[in-house]
Amino acid sequence: MSSKAREEITSLVEEIRDHQFRYYVLDKPTISDGEFDLLLNRLKKLESEFPHFKVDESPTELVGGGFATHFTQHDHIEKMMSLDNVFSKDELRTWLDRIEKSGPVHSWLCEVKVDGLAINLLYERGTLVRALTRGNGTTGEDVTLNIKTIASIPHQLLGEGHPEQLEVRGEVFFPIDAFNEFNDGLEEEGKPRFANPRNAAAGSLRQKDPRITASRPLSMVVHGVGAADGITLENQSQAYALLQSWGLPISSRFKVVTNHSEVLEFIDYYEKHRHDVEHEIDGAVIKVNEIARQSELGFTSRAPKWAIAFKYPPEEVTTKLLDIKVSVGRTGRVTPFAFMEPVLVAGSTVTNATLHNAEEVIRKGILIGDTVLIRKAGDVIPEVLGPVIERRTGKEFAWVMPTTCPDCGSDLRAMSEGDVDIRCPNTRSCPAQLRERLYYIGSRAALDIDVLGYEAASALLADDLVRDEGDLFSLTAADLVRSEFFRKKDGELGANATKFLTALDGAKIRPLWRVIVALSIRHVGPTAAQALAKNFKSLRVIAETSAEELSLVDGVGTIIAQSIVEWFGADWHRSIIDNWESAGVQLAEGESENQVAQTLAGLTIVVTGSLVDFTRDGASEAITSRGGKSASSVSKKTDYVVVGEAAGSKADKAAELGVPILDEAGFKALIAGEL
C-alpha cells in the first residue's frame with residue numbers, strides 16, 4: 001500500500017503543479033476549479049496518511065502556485081556547440097570544396113540563421129522536463145518555467161516512438177512586428193527600450209517571474225538535435241520532418257540542395273528578403289544533409305565541421321557623432337536625434353539616428369564627439385545603441401536638452417508627472433507640430449492622400465494655405481495656385497495640384513477608424529481606432545462619451561480613454577471636426593453607396609509572406625474594412641491564413657492546427673464574397 005501511495009503522491013504533485021502553472025502563469029486552465037480542488041484534496045489526504053512521502057515543495061504548502069525561475073545551472077547531456085562563420089562567398093566556396101574533398105556530399109541543407117537566444121530542450125519519454133540556455137556549451141541556466149510559457153513549444157510531444165531522452169536545440173526569438181509594438185509601449189510608459197529583438201528575447205526569458213515572460217509573444221524555431229536515444233536518421237531534413245510530426249516548431253525557411261550554385265542562390269535570396277522574415281536573421285547556415293557524413297566529419301572543440309554560418313553584412317556599424325539635435329513630432333513630443341558623419345548601413349547611407357528621449361541619452365552615456373554604434377534594420381529608423389568608450393579622446397562633451405521649442409520658442413515641459421518625454425505645449429500653432437500632423441494625415445497609416453507628403457505639408461503652411469488641419473479639405477484650385485509647390489512655371493495649376501485635389505475628395509469617404517487615426521490623438525493608433533469605430537460608429541458619439549465608458553472598450557483602456565476625452569475637450573479640436581464635416585468628410589460608419597461590403601464580418605485572418613497586389617498595411621485594411629479581424633498570430637480561433645511568397649512558420653502552424661490556407665487568389669475571392 002505504501003509504495004502505491006508514494007507513486008500516487010508523486011503523480012499528483014506533478015499533475016497539480018502543471019495545472020497551477022497553466023492557471024497562475026499561462027492564464028489558460030484546462031480543468032475546472034472543482035476538478036482541481038478534488039485533486040488537491042486527494043493529495044492532502046494522502047500526505048496526512050503518509051507524511052514521510054511528502055515532498056519539500058508540495059502544492060499543499062505553496063500559496064498561489066509559487067512559481068519563480070531561479071536560474072540554477074545544469075549540464076547538457078551532449079555539448080551544445082557554436083558554429084564557425086564565413087563572411088564572403090570565396091570563403092564559403094573554400095569550405096564547401098574542403099568538405100567535398102574529404103568525401104562525397106549528396107545534398108546540403110540550407111536554412112536561415114535566426115538571430116535569437118540558443119535554447120536546449122530536454123524531453124524524457126515525450127515530456128518536457130528541462131530547458132537550458134547554451135551557457136558555456138557544457139553547462140546552461142535552467143529556464144524551464146519561462147520556456148513553458150511559449151505557446152509554440154509543446155509540453156508533451158505528439159505521436160509515438162519518443163526516445164527515453166531527447167535534446168532539441170533551437171532559437172527563441174521575439175517576432176519583429178511584436179517587438180516594435182512592445183518597444184513603443186515601453187517608450188510610452190517612460191521605460192528604457194530594448195536595443196533589438198534578440199535583447200528583448202533574452203531579457204524576456206530571464207525574468208524571475210514566468211508570468212512576465214508569458215505576457216510577451218516569444219516564439220521558437222528548432223534547428224537541431226543533441227542527445228537522442230534510439231533514433232536512427234539518414235539525413236538532417238528527415239530529422240526536421242520527425243521533429244515537426246511530434247509538434248515541435250520547425251522553420252519552413254530551409255531548403256535541401258545538391259550543388260554550390262543552389263547554395264549561393266539560397267544565400268542571395270534571403271539577403272535580399274531578410275526583412276520579409278517574421279524574425280531577425282543575420283545570415284544563413286549550410287549543413288551537410290547526410291547524418292553519416294556528419295559523423296565522419298565530426299567536431300572541433302567548439303563547432304561541428306559539417307556546418308558553417310554565412311554571415312550577412314552587419315546592420316550595426318560605428319560612426320562619429322557630430323551633434324545632438326531635437327525634432328518636434330505631431331503630438332508635441334521633442335525627440336533628440338544624432339547628427340553623424342555619413343555611414344553606410346543596411347544598404348543605405350545615413351546621417352541621422354534617433355535617441356528617443358533625454359533620459360535615454362543619459363542612460364546610454366552618449367557624449368557629443370563619441371564614436372557611436374548605430375543600428376538600422378529594414379525600414380526602421382536608425383537608432384544609436386551606445387558609445388564606443390574605448391575610442392574616446394577626452395574632447396567629448398555632454399549634451400544639454402534645450403528648454404525651448406526650436407520651432408516656436410515655447411517653453412518645453414513634461415505634460416504629466418513621471419513622463420520622461422519633454423513636449424512643446426503649443427499644440428495648435430507650433431509650425432513643427434502642424435507640419436508633422438499634416439504629413440501624417442496624408443500617410444498610409446492615416447488617410448493615404450496622394451501628394452500630401454512632407455514637402456506638400458511644408459508648402460501648405462509656408463504659403464498660408466491652411467491655418468491648421470481643419471482647413472485641409474476646404475482647399476480649392478484657387479488656393480493651390482498661390483503656392484509655388486502646386487503651380488507650374490507659367491503660373492498655371494500643376495499636375496500635382498490636380499492629383500492632390502482628387503486625392504482629397506477620395507479621402508473624404510475613408511473608413512471612420514482611419515479618420516480617428518488621422519486626428520493624431522495621443523496614444524490612439526490603428527488598433528484603438530478600429531475598436532472605437534466598431535463600438536461607437538460615429539466620431540460625434542465618441543466625442544460625447546465619458547472616459548469611463550470609453551475605457552471599457554476592448555483595445556482602449558484607461559490611458560487611451562483619458563487622452564481621447566482631453567483631445568475633444570479643446571474647442572479648436574472640435575472646430576477641426578466641424579470643418580471636416582462641412583467639407584464632406586464622412587465621420588460615421590453609416591450606410592452609403594461607398595461603404596465596403598462586410599464580406600469578412602466575424603472572421604479572423606492572418607496574412608504571412610509577401611503578396612503581389614497588397615502591401616502589409618493594405619492587406620490588413622482590406623480585412624478590417626470588410627468587418628474582419630487582422631491578426632498577427634495563428635491559433636485555433638483563426639479562420640483563414642493567407643500565404644504569400646517567403647511565408648514563414650505561421651503557414652506551418654496553420655497546417656498543424658487545420659486552419660484553412662489561402663493563396664492570394666483565394667484571398668481576393670474571400671474578399672469578394674465568393675468563398
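Which residues touch the most other members in the largest nonpolar core? Before the answer, some ground rules: this is a predicted model, where local features need pLDDT of at least 70 and side-chain atom pairs count only at pLDDT 80 or more, while totals for chains, interfaces and linings use all residues. Residues are numbered from 1 along each chain as its sequence is written, and side-chain values use heavy atoms, with hydrogens and water left out.

The answer is Ile449, Leu460, Leu472, Phe473, Phe500 and Leu539, out of 59 residues in that core. A nonpolar core here is a set of buried Ala, Val, Leu, Ile, Met, Phe, Trp, Tyr and Cys residues joined through side-chain atoms within 4.5 Å. Buried means under 20% relative accessible area, exposed means over 50%, and partly exposed is in between, using a 1.4 Å probe and protein chains only. Several helices each supply at least two residues of this core, including helix 12 (431-442), helix 13 (454-462), helix 15 (495-507) and helix 20 (557-568). Helices (H or I, at least four residues) and strands (E, at least two) are DSSP runs, numbered from the N terminus. In general, nonpolar side chains tend to be buried together in soluble globular proteins.

Zoom in on Leu472. Leaving aside neighbours within four places in sequence, Leu472 is in contact (heavy atoms within 4.5 Å) with Leu438, Ile441, Ile449, Leu452, Leu460, Val466, Phe500 and Leu504. Apart from this core lies another, of 33 residues, with Phe71, Leu157, Ala178 and Leu243 among them.

Axes are lines fitted to C-alpha atoms, for helices over the stretch in contact, and angles run from 0 to 180 degrees between N-to-C directions.

Strand 4 (residues 117-124) and strand 5 run antiparallel and are joined by 6 bridges. Ile119 stands opposite Thr133 in strand 5.

Is Thr133 buried or exposed? Thr133 has 11% relative accessibility, so it counts as buried. Not counting residues up to four places away in sequence, Thr133 touches His76, Ala118, Ile119, Gly140, Glu141 and Val143.

A further open sheet has 5 strands in the order 2-11-10-3-9, with mixed pairing. Its edge strands are strand 2 (85-86) and strand 9 (254-257), each pairing on one side only. Strand 2 and strand 11 (residues 307-311) run parallel, joined by 2 bridges, and the bridge partner of Asn85 in strand 11 is Ala309. Helix 8 turns up here as well, packing on the sheet and touching strand 3, strand 9 and strand 10.

On to the rings: there are 15 aromatic pairs. Rings of Phe, Tyr and Trp (its six-membered ring) pair if their centres lie within 6.5 Å; planes under 30 degrees apart count as stacked, over 60 as edge-to-face and the rest as tilted. Phe50 and Phe53 have ring centres 6.1 Å apart and planes at 20 degrees, so they are stacked. Trp567 and Phe568 are edge-to-face, at 5.0 Å centre to centre and 80 degrees between the planes, and both are buried.

Last, a loop. Thr403 is in the loop between strand 16 (383-387) and strand 17 (413-414). At 59% relative accessibility, Thr403 counts as exposed. Leaving aside neighbours within four places in sequence, Thr403 is in contact with Ser410, Asp411 and Leu412.

Key
Pairing = 2+ DSSP bridges.
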